Amino acid sequence: MQGRDLLLIVSVMAIWGFNFSMIKLGVTGMDPLLIAAARFACATFPIIFFIRRPKVPWRYLMGYGLLFGTGIWGMASCAITFGLSSGMASVLLQLDVLTTVLVGVLLYKEIISPRMWFGMGMALVGLVVSILYTNGNVTPAGVAFILISAICWPLAGVMVRQSGTRSPFAFNIWGMLFAPLPLIGLSLLFNGVEVLEITYRQWNAEAWISVLFQAYPTTLFGYWVWNKMLLKYPMSQMAPLTLLVSVFALASGYLIYGERLSAAQWVSCSAFLLGVGLVLYRGPLPGAARAAGQKAAP
């Protein structure tokens, strides 16, 4: 990978990690569903007027908007609102790697290698330990919401794949068109119509900073770079770099909010991310090729 591209990708991982702190900034005192709706409204307009609609059926765009907007980020915002720290939310959202593997097995009959089984087992053990040894940064409700988010992540990918689109960035923009209304509808269902008036009266500079950061650096710039690099480099090379998101999220959560992990959580989160890394990594393990060559040599 070229040095300039690697620096660009790492910068996006830093933005995506910092984004969890920005989500927390917005949902503190505000309805998380309406904050997410505002994010996607800003990310969609006015840029959608300059992006040609991808030639796919509308149902795929609607499905993607529902899954990506409400399922992934609406639920992730709710997870933070219901007590999950921004850093732990980023770590636990890596469960999407495991749910993606399961969707691949169920829908596409993909094979799970022994290394992937081992990595999944290690990640799940790390997950359980991090929940059991919480210092208040993990709540049952928060875990439930982030689990929904992790399940919706591969389903959004299935929607993109089934659409057959050749313009992933345009698909993302037009799909987000259908994200705000379901989020607003859920907010009204759970909180009543008065939530709109309350949010309007309480809307402040912190809400604007949160929404605008989520909409532009995170969504538009981040996904533009990511999709561009996916066309240039293999997914097996790109996917492990997403683990850096959790590193940056934990660091920003500590620096901004003073979020800390317990000693057991440091170990368990490391085990969790290492297990996820084993699932993501497709190449030979370090030293494996050398050992194979030595074995074959006369």
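Student: What should I know before we start?

Tutor: The model is predicted, so local features need pLDDT of at least 70, side-chain atom pairs count only at pLDDT 80 or more, and totals for chains, interfaces and linings use all residues. Residues are numbered from 1 along each chain as its sequence is written, and side-chain values use heavy atoms, with hydrogens and water left out.

Student: Why is threonine 242 called buried?

Tutor: Buried means under 20% relative accessible area, exposed over 50%, partly exposed in between (1.4 Å probe, protein chains only). Threonine 242 has 18% relative accessibility, so it counts as buried. Not counting residues up to four places away in sequence, it touches Met13, Gln94, Trp226 and Leu280 (contact means heavy atoms within 4.5 Å).

Student: And what makes phenylalanine 221 partly exposed?

Tutor: Its relative accessible area is 33%, which lies in between those two cut-offs. Phenylalanine 221 sits in helix 11, residues 205–232 (helices are DSSP runs of H or I, at least four residues, numbered from the N terminus).

Student: How do you know that the buried residues of helix 9 line one face?

Tutor: Pro180, Leu183 and Ser187 are the buried ones. Seen down the axis, the buried residues fall within an arc of 70 degrees, so they line one face of helix 9; the arc is that of the directions from the helix axis to the C-beta atoms. An α-helix has 3.6 residues a turn, so residues three or four places apart point the same way.

Student: What is on the other side of helix 9?

Tutor: Leu181 and Leu189, both exposed.

Note on methods
Helices (H or I, at least four residues) and strands (E, at least two) are DSSP runs, numbered from the N terminus.
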